[in-house]
Amino acid sequence: MIRIIIADDDHLITESLKIIFELDDQFELVGAGHTGAEAVKLCLNNAVDVALLDIRMPEMNGVEATKKIVAETNTKVLILTTFDEDDFIKEAFLNGASGYLLKKNPPDQIKNAIFSVYGGNVVMQDSVLRKMGTGANEDDFSGDQKFELLTEREVEIVQAIAKGFTNKEIAEKLYLSEGTIKNCVSSILNKLQLKHRTQIAIYYLKR
């Protein structure tokens, strides 16, 4: 069972999401708030696996809340919002968000995104991925000494992570075992001096 919290200043959205998750025994709704500060407090005071945060909230916005939650707890953050502006997207990921999804998605897709984030993967809406710059290629990294340390296989894995593929999906795509992919991801993190796979996606996409 995945323990979640919801934070959205739109009370109708909050109540709708509460109903959706309370009817699904795969999730435990720990609490709900309407500000970024309330979201942080819920994560600090409870064992929360995934926090669903809106971007624009009073007291503390979703980006600021994400930064504090990621820095001070083990909770993963999934941004669930109506806004797909470039600045919001980049700031959310740079502050540690594991996913960015638009509210227009059906409940099942939101649930699947939570499962994916809970499993340690990066989740990005297709439109969000395009805004982040899917046209990036190896030439964009010329002169980047850290990126040049990667093998050709590791570069392929970095590109797949940036597109939101899970380790299992990458393994199937490259005809390798999932264990091999996990080892490669660890090697990539070490070479790029990063801490988690979300940062791999950002490192690649922000170029």
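## The loop after helix H10

Gln-193 is located in the loop that joins H10 to helix H11 (197-205); helices are DSSP runs of H or I with at least four residues, strands are runs of E with at least two, and both are numbered from the N terminus. Directly after H10, Gln-193 adopts a positive phi of about 60°. Gln-193 is exposed, with a relative accessible area of 64%; exposed denotes over 50% relative accessible area, buried under 20%, and partly exposed the range in between, for a 1.4 Å probe and protein chains only.

This is a predicted model, in which local features need pLDDT of at least 70, side-chain atom pairs count only at pLDDT 80 or more, and totals for chains, interfaces and linings use all residues. Residues are numbered from 1 along each chain as its sequence is written, and side-chain values use heavy atoms, with hydrogens and water left out.

Tyr-175 occupies the loop between helix H9 (167-174) and H10. Although Tyr-175 is not a glycine, its phi is positive, at about 60°. Most residues other than glycine have a negative phi. Tyr-175 is exposed, its relative accessible area being 76%.

## Helix H10

Helix H10 covers residues 178-192, 15 residues in total. From first to last C-alpha it reaches 21 Å, close to the 21 Å expected at 1.5 Å a residue, where the expected span is 1.5 Å times one less than the number of residues.

The buried residues of H10 are Ile-181, Cys-184, Val-185, Ile-188, Leu-189 and Leu-192. Viewed down the helix axis, they fall within an arc of 140° and therefore line one face of H10; the arc is that of the directions from the axis to the C-beta atoms. Exposed Asn-183 and Asn-190 are carried on the face turned away from this buried side.

## Packing of H2 and H3

The axes of helix H2 (residues 36-45) and helix H3 (residues 62-72) come within 9 Å and cross at roughly 10°. Axes are lines fitted to C-alpha atoms, for helices over the stretch in contact, with angles from 0 to 180 degrees between N-to-C directions. H2 and H3 are therefore roughly parallel, a class for angles under 35 degrees.

In H2, Gly-36, Ala-39, Val-40, Cys-43 and Leu-44 meet Ala-65, Lys-68, Ile-69 and Glu-72 of H3, contact meaning heavy atoms within 4.5 Å.

## The chain as a whole

The protein chain has eleven helices and six strands. Of its 207 residues, 48% are buried.

How values were computed: Parallel < 35°, antiparallel > 145°, perpendicular 65-115°, else oblique.
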